[in-house]
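Here is a brief report on one protein chain. Keep the sequence and the 3D view open while reading.

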Amino acid sequence: MQKTGPILGTALVALLASFSLPTVSAFAKRQMGMPDMITAAKTPAEHEKLATHYEQEAKAARAKAEEHRKMADAYRKAGGPLIEKLHFDQHCDALVKSYTSMADELEALAKAEREAAKETKK
């Protein structure tokens, strides 16, 4: 059996330590989905957490809308019969509209959760 050197042994211990098991509470938090979080929201802080989540999702949706806006422009710039036939730019335009609408709705949810946080008793 071959012995490992001190550097390799230390690296192995560090690697194994990085795979430590999460605590039960951390695991439970990761397993709680949005429906459960919504149902469980009873305090201002819990409603604020939901609002923050919706704001992050809205930001991501706006980023996707911008990405597809640029893609549509790139397709239009590239041009050609195949792009005209398959309407790549129009698909991207539809996604821009969809992601923008999604972002608007998520921002409305965030606003409503912030209102719920104000009206919820601590």
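## Ground rules

Buried means under 20% relative accessible area, exposed means over 50%, and partly exposed lies in between (1.4 Å probe, protein chains only). By that scale His68 is buried, with a relative accessible area of 9%.

This is a predicted model, in which local features need pLDDT of at least 70, side-chain atom pairs count only at pLDDT 80 or more, and totals for chains, interfaces and linings use all residues. Residues are numbered from 1 along each chain as its sequence is written, and side-chain values use heavy atoms, with hydrogens and water left out.

## Overall layout

The chain has 6 helices and 0 strands. Helices (H or I, at least four residues) and strands (E, at least two) are DSSP runs, numbered from the N terminus. Read from the N terminus, the order is α-α-α-α-α-α.

The chain has 122 residues, and 17% of them count as buried. Contact means heavy atoms within 4.5 Å. Take the contacts between residues at least 6 apart in sequence: 67% of these join residues at least 24 apart.

## Helix 4 against helix 6

Two packed helices are described by the angle between their axes and the distance between the axes. Helix 4 covers residues 44–78 and helix 6 covers residues 88–119. They pack at an angle of about 165 degrees, with axes 7 Å apart. Axes are lines fitted to C-alpha atoms, for helices over the stretch in contact, and angles run from 0 to 180 degrees between N-to-C directions. Helix 4 and helix 6 are therefore roughly antiparallel. The cut-offs are under 35 degrees for roughly parallel, over 145 for roughly antiparallel and 65 to 115 for roughly perpendicular, with the rest oblique.

The crossing of helix 4 and helix 6 is left-handed. That term applies if the near helix is turned anticlockwise from the far one by less than a right angle; clockwise gives right-handed. By class, the contact of helix 4 with helix 6 has 22 nonpolar, 4 polar and 13 charged residues. Here Ala, Val, Leu, Ile, Met, Phe, Trp, Tyr, Cys and Pro count as nonpolar, Asp, Glu, Lys and Arg as charged, and the others, Gly among them, as polar.

## Helix lengths

Helix 4 has 35 residues. Its first and last C-alpha atoms are 51 Å apart, close to the 51 Å expected at 1.5 Å a residue. The expected span is 1.5 Å times one less than the number of residues. Helix 6 has 32 residues and should span 46 Å; its end C-alpha atoms are 47 Å apart, which agrees.

## Buried positions

In helix 4, the buried residues include Leu50, Tyr54, Ala58, Ala61, Ala65, His68 and Ala72. An α-helix has 3.6 residues a turn, so residues three or four places apart point the same way. The cover over the buried residues of helix 4 includes helix 3 (34–40) and helix 6.

In helix 6, Asp89, Cys92, Val96, Ala103, Leu106, Ala110, Glu113 and Ala117 are buried. Helix 4 is part of what covers them.

## Residues to inspect

What does His68 touch, not counting residues up to four places away in sequence? It touches Cys92, Leu95, Val96 and Tyr99. His68 sits in helix 4.

Asp89 lies in helix 6 and is buried, at 15% relative accessible area. Leaving aside neighbours within four places in sequence, Asp89 is in contact with Ala72, Tyr75 and Arg76. Met71, in helix 4, is partly exposed at 31%. Met71 and Asp89 are 18 residues apart in sequence and 7.3 Å apart in space, C-alpha to C-alpha.

Met37 is in helix 3 and counts as buried at 18% relative accessibility. Beyond four places in sequence, Met37 touches Met32, Lys49 and Leu50. The C-alpha atoms of Met37 and Leu50 are 7.7 Å apart.

## Positive phi

Just after helix 4, Gly79 takes a positive phi of about 55 degrees. His87 also has a positive phi, near 55 degrees, in a residue other than glycine. His87 is in the loop between helix 5 (81–86) and helix 6. It is partly exposed, with a relative accessible area of 34%.
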